[in-house]
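Dear colleague,

I am passing on the structure that we discussed, and I would be grateful if you could look through it with the notes that follow beside you.

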Amino acid sequence: MNEGDVRPRYVRIADQLRARITSGELAEGDRLPSIPELVREHGIASNTAQRALGILVTEGLAEARSGSGTYVRARPAVRRLIRSWNRNARGGSPFAADMANQGQSGSWDYDSRTAFAPEEVRRRLALGEATGDDPDVIRTHYVFRADGRPVMLSTAWEPLELTRGTPVVLPEDGPHAGKGVVERMRQIGVQVTHAAEVVSARNATVDEAGRLDIRPPAIVLTIERTYYADGRPVETADIVIPVDRYQVLYGTSIWDEAAAEEPAERPSRR
């Protein structure tokens, strides 16, 4: 170990173990050195050894098995989720289309009900102060699955002042169920023009980890997405994606649909 390295001992020991994992010296399913073994090898306290192993567990490289030890964790194949306005604008479920393109079956569980929008959601949907006893949004909790395995969570809110009494008031029920926000809004004469997303990362909550079948405190990507009809917000959602299973690919088209509808000017022959 480099004696000139001033970082804490547990960080340096974690580096050594990580290098053995990434090099393949320690393969999937192999047991890492136990706390007593690390204590003897490095002349450290047991809590220092425990912190070193804890770093690898937090990073998702290892998993602790009660009464057995700490083992190199299986690394799932990383797939991509595409975030594209042009794709969403075509209507239908972007998630289902994405999974089909990857040869997987996309499905989702949901729970929709009326609710009072919390303060942050009110801000994002540009709702005024809550008045009376009537709920003002439809809130839908989703668990999205690929071949039956949970891959993404979402909680979405839509203002009831926009959808109340229409065939699209319930996102996953009725004649336009599961069609996606853009297509559903089109059915009531609302043209969604653009979306904005704020992307961040944090540790999963215990509830999120349970629903995604991951071990806390795993890292998740969070996306705060809002759809707009010109300047009016028509839907907002909080999306949670486990980073060890999915990368998020952003893209857009430079194709000008209006220009494409105009016939190209032919060069004159002289």
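In helix α2 (residues 35-42), I35, L38 and V39 meet S46, A49, Q50 and L53 of helix α3, where a contact means heavy atoms within 4.5 Å, and where helices (H or I, at least four residues) and strands (E, at least two) are DSSP runs numbered from the N terminus. The residues of this contact divide into five nonpolar, two polar and no charged, on the convention that Ala, Val, Leu, Ile, Met, Phe, Trp, Tyr, Cys and Pro count as nonpolar, Asp, Glu, Lys and Arg as charged, and the others, Gly among them, as polar.

Please bear in mind that this is a predicted model, in which local features need pLDDT of at least 70 and side-chain atom pairs count only at pLDDT 80 or more, while totals for chains, interfaces and linings use all residues. Residues are numbered from 1 along each chain as its sequence is written, and side-chain values use heavy atoms, with hydrogens and water left out.

To return to the helices, α2 and α3 pack at an angle of about 115 degrees with their axes 9 Å apart, the axes being lines fitted to C-alpha atoms, for helices over the stretch in contact, and the angles running from 0 to 180 degrees between N-to-C directions. That angle makes α2 roughly perpendicular to α3, given that angles under 35 degrees count as roughly parallel, over 145 as roughly antiparallel, 65 to 115 as roughly perpendicular and the rest as oblique. The crossing of α2 and α3 is right-handed, a crossing being left-handed if the near helix is turned anticlockwise from the far one by less than a right angle, and right-handed if clockwise. P36, which has its place in helix α2, is partly exposed at a relative accessible area of 46%, where buried means under 20% relative accessible area, exposed over 50% and partly exposed in between (1.4 Å probe, protein chains only). From C-alpha to C-alpha, P36 and Q50 are 9.6 Å apart in space, and they are 14 residues apart in sequence.

Helix α3 (residues 46-58) also packs with helix α1 (residues 9-22), their axes coming within 8 Å and crossing at roughly 45 degrees, which makes α1 oblique to α3. This crossing of α1 and α3 is right-handed. The contact is made by R9, Y10, V11, I13, A14, L17, R18 and I21 on the α1 side and by T48, R51, A52, L53, I55 and L56 on the α3 side, and its residues divide into ten nonpolar, one polar and three charged. I55 of helix α3 is in contact with Y10, V11, A14 and R18, leaving aside its neighbours within four places in sequence. The C-alpha atoms of I55 and V11 are separated by 7.8 Å, although the two are 44 residues apart along the chain.

A search of the whole structure finds four aromatic pairs, for which rings of Phe, Tyr and Trp (its six-membered ring) pair if their centres lie within 6.5 Å, with planes under 30 degrees apart counting as stacked, over 60 as edge-to-face and the rest as tilted. F95 and W108 form an edge-to-face pair, 6.5 Å centre to centre and with 75 degrees between the planes; F95 is in helix α5 (residues 94-101) and W108 in strand β4 (residues 106-115), 13 residues apart. F95 counts as buried at 8% relative accessibility, whereas W108 is partly exposed at 23%. W108 also forms a tilted pair with F144, 5.9 Å centre to centre and with 45 degrees between the planes. Because W108 lies in strand β4 and F144 in strand β5 (residues 137-146), this pair ties together parts that are 36 residues apart in sequence. F144 counts as buried, at 11% relative accessibility, and F95, W108, Y142 and F144 form one aromatic cluster.

D136, found in the loop between α6 (119-124) and β5, is buried with a relative accessible area of 15%. Apart from its neighbours within four places in sequence, D136 is in contact with A115, F116, A117, R122, A130, E158, P159 and L160.

For the chain as a whole, the secondary structure comes to ten helices and ten strands, and 39% of the 270 residues count as buried. Among contacts between residues at least 6 apart in sequence, 58% join residues at least 24 apart.

With kind regards
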